Amino acid sequence: MMLDREKKVHRPERLKGYDYSSPGCYFVTFNTKTRGEPILCNLETAREAEASLVGPDPLVRPFPQQAPSLQQEFSCVLTQAGEVLQTLIERIPAVYCNAGVDCYVIMPDHVHLLIWIWGASQERMEVPGRNGLTRGSGPTKKASLPQVIRALKSLSSKRVGYPLWQGRYYDHIIRSQEELQGARQYIQNNPLMWVLSKE
């Protein structure tokens, strides 16, 4: 049997038979419709930033042992779409009683997130916040991972006034502490790797 190399083959979007409302941590990536364009933010090297006005530090959620050299290598300036997305990501624990964000990074044409979905006995657990720990209590709305991602994508597109996202997204179920640490490190290093790949 000959393969048609022109035909695109897509893997299934979700793990077949898996309940994405199950408690756990999920690594998620979704892309803008236009890849390679700075739709969400502009990343600049330190040399480029010296010649221009720069915005906030890179939008990586704080980590206990964040590498001090990471923020010295580049700066990040969010676009309007990036600011909308950041606000929506930060509001996840305020909207859903069983979901929280461990860490995330907004890149020029995609976003990486680590999202926790908790079970009934875990709903009040503490989650990392920009200014220390915040409690996941208050909201009563429950959601599965696909519902959270669908809301992020649809609300951000609606607020900016045009479709931002590709239809699909990538997810990986985190199954061990080692995978969790690896995903955190990947998210933390992603802006620097982007900048280095452009030099």
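This briefing walks you through the fold of one protein chain and a few of its residues. The model is predicted. The chain has six helices and eight strands, and buried residues make up 47% of its 199 residues.

**The whole chain**
- Take the contacts between residues at least 6 apart in sequence: 75% of them join residues at least 24 apart.
- The accessible surface comes to about 11,400 Å², and carbon and sulfur atoms account for 52% of that surface.

**Helix α6**
- Helix α6 covers residues 177–198, and its 22 residues should span 32 Å at 1.5 Å a residue; the C-alpha atoms at its ends are 32 Å apart, so the two values agree.
- Where does α6 bend? The bend, of about 45°, is at Asn-190, and the proline Pro-191 follows within four residues.
- Asn-190 and Pro-191 are both among the buried residues of α6, a list that also includes Leu-180, Ala-183, Arg-184 and Ile-187.

**The nonpolar core**
- The largest nonpolar core has 47 residues.
- Which members touch the most other members? They are Val-28, Phe-30, Ile-89, Leu-113, Leu-114, Ile-149 and Leu-152.
- Leaving aside residues up to four places away in sequence, Leu-114 touches several residues of the chain, among them Cys-25, Phe-27, Val-101 and Ile-174.
- Leu-114 also touches Leu-180, Ala-183, Arg-184 and Ile-187, which are buried residues of α6.

- His-112 is found in strand β5, which covers residues 110–117.
- Is His-112 buried or exposed? Its relative accessible area is 4%, under the 20% cut-off, so His-112 is buried.
- The side chains of His-112 and Asn-190 are joined by a polar contact of 3.2 Å, and Asn-190 is the residue where α6 bends.
- Other residues that His-112 touches include Val-28, Tyr-104, Tyr-186 and Ile-187.

- Glu-44 lies in strand β2 (residues 41–45) and counts as buried because its relative accessibility of 19% is under 20%.
- Glu-44 and Leu-192 are 148 residues apart along the chain, while 9.7 Å separates their C-alpha atoms.
- Arg-168 sits in the loop between α5 and β8, and with a relative accessible area of 37% this arginine is partly exposed.
- Arg-168 and Phe-30 are 138 residues apart in sequence, yet their C-alpha atoms are 7.1 Å apart in space.

Conventions:
Residues numbered from 1 in each chain as written. Predicted model: local features only at pLDDT ≥ 70, side-chain atom pairs only at ≥ 80, totals over all residues. Heavy atoms only, no water. Helix = DSSP H or I, 4+ residues; strand = E, 2+ residues; numbered from the N terminus. Expected span 1.5 Å × (residues − 1). Bend = angle between axes of the 7 residues up to and from the residue. Buried < 20%, exposed > 50% of the residue type's maximum accessible area, 1.4 Å probe, protein only. Core = buried A, V, L, I, M, F, W, Y, C linked by side-chain atoms within 4.5 Å. Contact = heavy atoms within 4.5 Å. Polar contact = N/O pair within 3.5 Å; in protein donor to acceptor, adjacent residues only side chain to side chain. Areas by Shrake-Rupley, 256 points an atom, 1.4 Å probe, with all protein chains shown as cover.
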